[in-house]
Amino acid sequence: MAAAPQLSVADQIRQLEGARKLVLKDVSYYPQVIQATLPIIGPSSQVEFRRWGSEFLAEAFATPAVPLSNKETLSLVVLDTLKSLVEDPKQDVLVLRSVIQAAAILSVDLAAAAAAAAAAPTAIVCDLACGCPLLFDCPQHFPFAPHFLAEGPIADLETFVRINNSYDSATWERMTAIKTRIRDIWDTAPLTVRICCIKFVQRVVLAQTSSVNPEPRRGDPLDISRNMVPPIHPALDGDQLEAEASGLLDRMLSILENESSDPLLVDATLNTLSILIRQRPKTSNRIVSTLFNFNPLKLATTAPLSPKTKVLVKSMEKTTRMLLTHLYRRDPHNPLAGRMQQYVERLLRSRAEIFDETGRKRAMIDQANALEAKRQRTTALSSQPQIEITPLKPGANTLAEVFTFTTNDGLKKFNVSDTIPAPLAARISVRTIAQLDPDILQRAIDGVRARLVALHEARQQPINPETAPLDVEEDEDDYEPDYYAAEDTEQLMNKLESSPSDEGRGLQAPVLGALALPAFKLPAPPTLDPEQAAIVGQSAIVRVFGTMQTLEDPATKKSKAGLNRLAASSYDRDSWITVLTRLATRANAGLDEISVKEEGNTVALPKISMSDSIREMLYAYILEDFRKRIDVAVSWLSEEWYKERVQQRIVSSPDQPRDVPANYEKWTLRLVDAFLPYLHAQDRVLTRFLSELPELTTSILTRVNTLCRDPSLVNLALTSLYYLVMFRPPVRNIALDTVQDIWTEYEDARPTAAKYLQRWRPGFVDAAQQGVGGTSVGTNGAVVAT
């Protein structure tokens, strides 16, 4: 017989998840599932199974749904597995975290002496189970397994007789080994594991120190402390347990005293101190003294103040401040409450001095810079700041030097194009020019013009007739100076006039070169095809909708002027809505089926219709808050109805036979279908919507008929229809037909529908109830004999 195929790791994890879902539905299956999965999640298993198993055990013992007695029994079953997992030196970090979390619940130390259930009846799931590094007090982290060793007063002795065995040394040795291993890896493990170790030590300190309740049998049975250990216990020594707890507390508080501690460890330690002070008052003096000597802002003064450092320092400062504030507010009569409040106030001031840079003055660099800074501040306070326009330096000048007025060498060397993006530089320039004084701007422009004129004049040197070049080719090797007398001015000018045009290039006016400012012409825009034009139009409509949504609703509702109102009479939201609805309805009226001809070829209109895009955006805008925006829906649909009536009047002529798109009924039905599922019995939106629509059809009222499927909405549907019967005579018949259909289809609606029909169609109800053969009811409610 062939062996069954081996399942993959993913398939086996999927089966284990099915077992987890089973125990979450019924906690009575926890013993069977835990015992069945222990062989799978052992130390020799694959890391995926070990991760799942350790997390499952931590979750199982942390849940408050499992009875205390079951947890105590199961804790003895899983101790061997937890011990083997935590002692593996190459263990996975995630597995180690979950094992320590489970150990914090199961086996704190032999000094716990007598462990019970959770610390409070209304327990919350452990924060360690979710991996949070900032561990707040969790009432679930109490040991259960030490009950197996306890020999002392227990609330129900008959229940715990089976596990009340103080001579089981093997179980105690396994728990001691787990505790020792966790203490050993506390300082060397990864950060997340060290946080779990801090929480584990907190539970050990709680269990091995004396409680405020001297008599456990009359106090809270869930408060596990040294008081539960009897003096004659053969295995537990109360004084030794308390001494060990004191040493662990000092080791935990040393994290606050060590300057090199990780800020996350500091936060985790601070978050475990509140419950220690509250439940073990004997430790409060030592903890509060350590807090007074702890400076959470010291990291900001010893390390560079980077964004990461700021976040870490602010986190430690806030955690410390919240802890001390909670302590002195919870016990205002504490002798140390005044010092706690002073410490918090001093902490706030120090934080403001370090992080609040808005009110701090600039540090004085030296005496020379102080005078310059004073002059700058005096100039900035002047209502009319002045700019100094200096003449250009002699020699060649660049275009940048022509437009530069500052005398600061650093600003002259600053290259904006390499540092600031062009869009950001454009926005800064536009805003600066807009806020600049017009006189200063004009003076700067005049200064640039004067520099350009001076530069141009410097390039145009006057011609000296006696030294001007004559474009005569000379051979440097055969140079022989002529000793003729220089020609006079008249002879020179005659010679220049008779020379060819190409020989007079040396006398032409010099060109400015890089400083020349030729006329700039924008290139012709690229031709847009219909698809691109439609996409650009859609982006413009999206921006209009974004602008419209930022506007607030008017405080007072204004009466509307109807279909002939001006669309852009103001810039409020109603005006934008009118513009958008008319763009959707009237902009392309009659152009939906027209093609564009281009050079003999027929170009079809784009597949993306701008009108349909606007309709989709209006549809989504209304449904975002349809109760407040129902007037927008009515305005839009009224525009659709008006456009269709005008188009029908035009196409009715024989010259233009064409069908008119029925957008009114289409979008009305879409809106009704969209908001009907969200109506409740007290809604007035449906009645208002139906009463203000310009036209009602059978299809629209049929949608109202479907409301009666919900018995709670029967009155809403019938009331809306009866309102139409009373106040809209043109649609009275189709409204009564809808009420008649409701009476026929829905028995729950018959009493109310019959009351309305008795008045307007009295023969229908009687004929339908009697069921007389040969008698039928017409569409208008009249009884017809056949």
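Is Cys 196 buried or exposed, and what is its relative accessible area? In this predicted model, Cys 196 is buried, with a relative accessible area of 3%, where buried means under 20% relative accessible area, exposed over 50% and partly exposed in between, for a 1.4 Å probe and protein chains only. Residues are numbered from 1 along each chain as its sequence is written, and side-chain values use heavy atoms, with hydrogens and water left out. Because the model is predicted, local features need pLDDT of at least 70 and side-chain atom pairs count only at pLDDT 80 or more, whereas totals for chains, interfaces and linings use all residues.

The structure holds 0 disulfides, a disulfide being a pair of cysteine sulfur atoms within 2.5 Å. Cys 196 is in no disulfide, and the nearest cysteine sulfur, that of Cys 197, is 7.0 Å away. Cys 197 is likewise in no disulfide, and Cys 197 is buried, with a relative accessible area of 1%.

The chain contains 31 helices and 4 strands, assigned as DSSP runs (H or I of at least four residues for helices, E of at least two for strands) and numbered from the N terminus. Among contacts (heavy atoms within 4.5 Å) between residues at least 6 apart in sequence, 67% join residues at least 24 apart.

Helix α3 (residues 47-62) has 16 residues and should span 22 Å at 1.5 Å a residue, which agrees with the 23 Å between its end C-alpha atoms; the expected span is 1.5 Å times one less than the number of residues. The buried residues of α3 include Trp 52, Phe 56, Leu 57 and Phe 61, and what covers the buried residues of this helix includes α1 (9-25), α2 (30-37), α4 (68-86) and α5 (93-106). Ring pairs link Trp 52 and Phe 56 with Tyr 30 into a cluster.

In soluble globular proteins, nonpolar side chains tend to be buried together. Leaving aside neighbours within four places in sequence, Leu 273 is in contact with Met 252, Leu 253, Leu 256, Ile 287, Leu 291 and Leu 323.

A search of the whole structure finds 11 aromatic pairs, in which rings of Phe, Tyr and Trp (its six-membered ring) have centres within 6.5 Å, with planes under 30 degrees apart counted as stacked, over 60 as edge-to-face and the rest as tilted. Phe 545 and Tyr 621 form an edge-to-face pair, 6.3 Å centre to centre with 65 degrees between the planes, which links helix α21 (residues 530-550) to helix α23 (residues 610-624) across 76 residues. Both Phe 545 and Tyr 621 are buried. Phe 675 and Phe 689 form another edge-to-face pair, 5.5 Å centre to centre with 90 degrees between the planes; Phe 675 lies in helix α25 (residues 663-675) and Phe 689 in helix α26 (residues 685-692), so the pair ties together parts 14 residues apart in sequence. Phe 675 is buried at 2% relative accessible area, and Phe 689 counts as buried at 0%.
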